[in-house]
Amino acid sequence: MAAMDMQESFYARMGSPREFSRLFAHVPGAHFFVKDAQSRLMAASPALLERLGLREEAELVGTCDRDYFPEEIADQFVRDDRQVMTSGEPLINRVEIGYNEQRVMDWYVTTKLPVHDGEGRVMGIVGTTQSYEGKRRALMPFSSVSKAVEHLRENLDRRVDATELAQVAGMSARQLTRKFQEAFEMTPHEFALKTRIQAASEALARTDAPIITVALDFGFCDQSAFTVQFRKHMGLTPREFRAKYRSG
């Protein structure tokens, strides 16, 4: 039997993604999921169930992203699903918002691949998601943008422009933008803004600081500008987010 025929026969006999789900239960910081053609969740690793606040997989099957995330964020997940299923091409290392184990919004790196039926038609997607911090620890020491990323995360209280970042990274602004696009599919400015928004969301959830104080602490000129950007990225105003997601 030819090697590829042998592989196809093996996968056909396996018949279920459960083995992969169990595998990802033992990979720290990485979660596994499967969706059908309607973007309904069909399977997930135990760690992802816990992250979504579920006790067993039966509670997950047939649900959708809107059951767990604000509408705007959930709709972006589904648009990515549709892109993968329509094009048949994988989506690799997309940085996006999700919940961490404390049910606070955090940044995650997601990969999605199409799943095909026996006739070769796309019938859904399979994917993994990993915390940005875990992904950073694994990959960033080898990345040419690591210094720029660390500089952004160490200066969340102000806006850092492209010239400053390029100097820190030791390259031109154009080179830095290209490297960020390759690594995160976003510009340095977009990455910086998302990082500040995520940090501000933690402050809203964990402290009683006035919203204007949180806005200024994370480099926004006033509460109005902060509210516009926060709602754009999180799907809620800062006040709504605090009421819904704050700890304790």
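This dialogue goes through a few features of the structure above and how to read them.

Reader: What kind of model is this, and how are residues numbered?

Author: This is a predicted model, in which local features need pLDDT of at least 70, side-chain atom pairs count only at pLDDT 80 or more, and totals for chains, interfaces and linings use all residues. Residues are numbered from 1 along each chain as its sequence is written, and side-chain values use heavy atoms, with hydrogens and water left out.

Reader: How many disulfides does a search of the whole structure find?

Author: A disulfide is a pair of cysteine sulfur atoms within 2.5 Å. The search of the whole structure finds zero.

Reader: Is Cys221 buried or exposed?

Author: Buried means under 20% relative accessible area, exposed means over 50%, and partly exposed is in between (1.4 Å probe, protein chains only). Cys221 counts as exposed because its relative accessibility is 62%. Cys64, at 30%, counts as partly exposed.

Reader: Where is Asn155 found, and what lies 2.7 Å from a polar atom of its side chain?

Author: Helices (H or I, at least four residues) and strands (E, at least two) are DSSP runs, numbered from the N terminus. Asn155 is in the loop between helix 6 (146-154) and helix 7 (162-169). Its relative accessible area is 16%, so Asn155 is buried. The atom 2.7 Å from a polar atom of the Asn155 side chain is the backbone oxygen of His151.

Reader: Which side chain joins that of Asn155 in a polar contact?

Author: A polar contact is a pair of N or O atoms within 3.5 Å; within protein, one must be able to donate a hydrogen and the other to accept it, and residues adjacent in sequence count only if both atoms are side-chain atoms. The side chain of Arg158 makes such a contact with that of Asn155, at 3.4 Å.

Reader: How many aromatic pairs does a search of the whole structure find?

Author: Rings of Phe, Tyr and Trp (its six-membered ring) pair if their centres lie within 6.5 Å; planes under 30 degrees apart count as stacked, over 60 as edge-to-face and the rest as tilted. The search finds four pairs. Phe230 belongs to helix 11 (residues 223-234) and Phe241 to helix 12 (residues 238-245). Phe230 is buried at 0% relative accessible area, and Phe241 is buried at 0% too.

Reader: Which residues do ring pairs link into a cluster?

Author: The cluster consists of Phe220, Phe226, Phe230 and Phe241.
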